[in-house]
Amino acid sequence: MNLLAELKKHFPYIQFVHSQEKILQTVFSGKSALAIMPTGSGKSLCYQFPAKVGQNLVLVISPLIALMQDQEKKALDLGIRGAAIHSGISGSERVRKYQKLKDKQYQLLFVTPERFRKKEFRDSLSANTVDLLVVDEAHCISLWGHDFRPDYSKISEFRKDIGNPTVLALTATATPSTQDDIIKQLGLAEQCETIYGGMERTELAISVEDVYSNEDKNDKIFHLLNTKNGSQVVYFLLIESLVKFSNFLRGKKIEHLVYHGDLGKDQRASSLNRFIKNENVLMLATPAFGLGIDKPNIRQIFNYEIPGSIESYFQEIGRAGRDGQHAEAHLFLSDDDLSISMEFIKWAYPEKEFIQKFYYMLEENSISLLQEGFSFYREKLSFKNRRDYRVESAYNILERWGCVIPLSEVLSDENNYAAQKGFKVTLREPTETDFKNENQKVLFQHQNKKLLDIYSWAKNETKCRLGAIYEYFGADYIECGKCDWCHENQ
Ligand SMILES: [Zn+2]
């Protein structure tokens, strides 16, 4: 197949960018590939193209509904028969889409891994031949990645069920050891090629600045804010510091939006919508915000505290400058931050008694999770220490063990849980085996190592900021010419 000729014939492009052509050659030759490429570097074409020119279905597994909706629309605009089936669509739309899937009407289909839990879906899918299985945000499959998602670990089983098609795994943030784990978890072993594409963020200027207190941080961010020229996001590790900064801004009469885990489902949705729809907005958020949002004009990202890993950091700052125009990332570092982050990691691995207590509390009262988020349980279990996020961690762990309904499902509320009498998120009590199998000590050490990696990156004075990040992900060191280190050393 002449790939370039097909590209020009079916798509509004005249050439491939980054590693698109290499990726397509690989998967068309029947070989699986793991591609390390950030969002915004043309990865969607890597599944749109095979969907458009191929005979059968291209199935994309994605962790995020927002991203799937966006991709469904883009596919339709390109004249690809595409669809996204997720918990955010109505019952009647779902039935209609299942039927069309059964009738082999689709070329490109987006689902979350949780969709495979539904028998109706698997039945409709089984009428199709899947030519290519795309695993988006593939680092979610690895416990060593920074964003583990339990249902991702079942993808190799799903793959068997659909006849072991060629796999294209995509991720923006995987270190060499996480890359190895992705390949192993997907069962691809030797038949997989690793391809780097478009990691360079030439429009992004990174700076890391030492500060002495939160007041100092507040003032610095306040002076850097520019509310007339594009959107901005300030990321917080702690809800506590987010709320304090929000009060500070209110005192200065600066309009802003907030997004964090202590807000109810409706408040979060409305905040997100306003961020997407408006031109020049300022958002204060915890790291859960922004996943899958493709807003082109984010001009500045601020990190109020140091994130837990280079992976998280690169993902967060990667949301700036998607339109290719100049964008800035400011990270503030104070002496307290390392201890806050270490405490944060400690909270990620709550003790057995805590997990059990939380489970029983959920069993007794699940509805508060829908209405108030985690704050209800935190106040009861953690004595109102707002920094303590053990309840979120405990939920994650229980979800991984299959003891509770996945949080994403609860929040999207496909089944209208809030209206169900006696609604429960709990499925089964955690057992001794669950506790024994989870090697918390190893995971804890691993997270601490990731934190030390980003801390030494931030403190490093011998390398370009971006170049050092490329190296961390196993790519070539290239000096960016825009970061604070490059400015001082060129
Ligand atoms: Zn640089």
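Let's start inside a strand pair: Gln-232 has Leu-282 of S11 as its bridge partner. Keep in mind that this is a predicted model.

S9 pairs with strand S11, residues 282-285, in the parallel sense, over 4 bridges. S9 has another partner too. That is strand S12, residues 298-303, joined to S9 by 5 bridges. Those two strands also run parallel. Within that pairing, Val-233 has Ile-301 of S12 as its bridge partner.

So how covered is S9? Look at the side chains. Ser-231, Val-233 and Tyr-235 point one way. Gln-232 and Val-234 point the other way. Both sets are buried.

Next, the open sheet. Which strands form it, and in what order? There are 7, running S3-S4-S2-S5-S6-S1-S7, and the pairing is parallel. At the edges are S3, residues 82-85, and S7, residues 192-196. Each of these pairs on one side only. From one strand to the next, the twist averages 15 degrees.

Let me zoom in on one pair in that sheet. Strand S2, residues 57-61, and strand S5, residues 130-135, run parallel and share 5 bridges. Here Val-58 of S2 has Leu-132 of S5 as its bridge partner. A helix packs on this sheet as well: H8, residues 176-185. H8 touches S1, S6 and S7. Its direction makes about 150 degrees with that of S1.

Now two helices. H13 covers residues 335-347, and H20 covers residues 440-459. They pack at an angle of about 160 degrees, with their axes 10 Å apart. The cut-off for roughly antiparallel is over 145 degrees, so H13 is roughly antiparallel to H20. Their crossing is right-handed. Which residues meet there? From H13, we have Leu-338, Ser-341, Met-342 and Ile-345. From H20, we have Phe-444, Gln-447, Asn-448, Leu-451 and Tyr-455. By type, that contact divides into 6 nonpolar, 3 polar and no charged residues.

Last stop: Thr-433. You will find Thr-433 in helix H19, residues 432-437. Is Thr-433 buried or exposed? Exposed, because Thr-433 has 9 C-beta neighbours inside 10 Å, and the cut-off for exposed is 12 or fewer. One distance to finish. Thr-433 and Ser-339 are 94 residues apart along the chain. Their C-alpha atoms are separated by 33 Å.

Key: Residues numbered from 1 in each chain as written. Predicted model: local features only at pLDDT ≥ 70, side-chain atom pairs only at ≥ 80, totals over all residues. Buried ≥ 20, exposed ≤ 12 C-beta atoms within 10 Å, placed from the backbone. Pairing = 2+ DSSP bridges. Axes fitted to C-alpha atoms, helices over the stretch in contact; angles between N-to-C directions. Parallel < 35°, antiparallel > 145°, perpendicular 65-115°, else oblique. Left-handed = near helix turned anticlockwise from the far one by under 90°. Contact = placed C-beta atoms within 7 Å. Nonpolar A, V, L, I, M, F, W, Y, C, P; charged D, E, K, R; others polar.
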